[in-house]
Amino acid sequence: MSRALGRIRREAMEQYGDAPATPTEALDHVLRVYVDEPDSRMVLEATNGIYGDGVRTGLTLGDLRAVRAALT
């Protein structure tokens, strides 16, 4: 591993913690990585244009934050 890659890996692990091992940890990890993004940011697109021009369905960061809140 190059020094630069090693440094990037160390910095990421310091900022985001260990790699997630469970679905809940994975959700928490995603929310930490995207903490400064708005609720409206689409993170998983299911459809685009199926229900009309410009209509997208999927999950936004706001949806994921609400799911996480419901789990606690």
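Predicted model: local features only at pLDDT ≥ 70, side-chain atom pairs only at ≥ 80, totals over all residues.
A residue counts as buried under 20% relative accessible area, as exposed over 50%, and as partly exposed in between.

**Helix packing**
- Two packed helices are described by the angle between their axes and the distance between the axes.
- Helix H2, made of residues 23-33, packs with helix H3, made of residues 61-71, at an angle of about 135°, and the two axes lie 11 Å apart.
- That angle makes H2 oblique to H3, since an angle has to be over 145 degrees to count as roughly antiparallel.
- The crossing in which H2 passes H3 is left-handed.

**Exposed residues outside the helices**
- Serine 40 sits in the loop between H2 and S1, where its relative accessibility of 60% means that serine 40 counts as exposed.
- Between the C-alpha atoms of serine 40 and leucine 59 there are 9.2 Å, although the two residues are 19 residues apart along the chain.
- Threonine 72 lies in the segment after H3, and with a relative accessibility of 76% threonine 72 counts as exposed.
- Threonine 72 and aspartate 36 are 36 residues apart along the chain, and their C-alpha atoms are separated by 21 Å.

How values were computed
Residues numbered from 1 in each chain as written. Heavy atoms only, no water. Axes fitted to C-alpha atoms, helices over the stretch in contact; angles between N-to-C directions. Helix = DSSP H or I, 4+ residues; strand = E, 2+ residues; numbered from the N terminus. Parallel < 35°, antiparallel > 145°, perpendicular 65-115°, else oblique. Left-handed = near helix turned anticlockwise from the far one by under 90°. Buried < 20%, exposed > 50% of the residue type's maximum accessible area, 1.4 Å probe, protein only.
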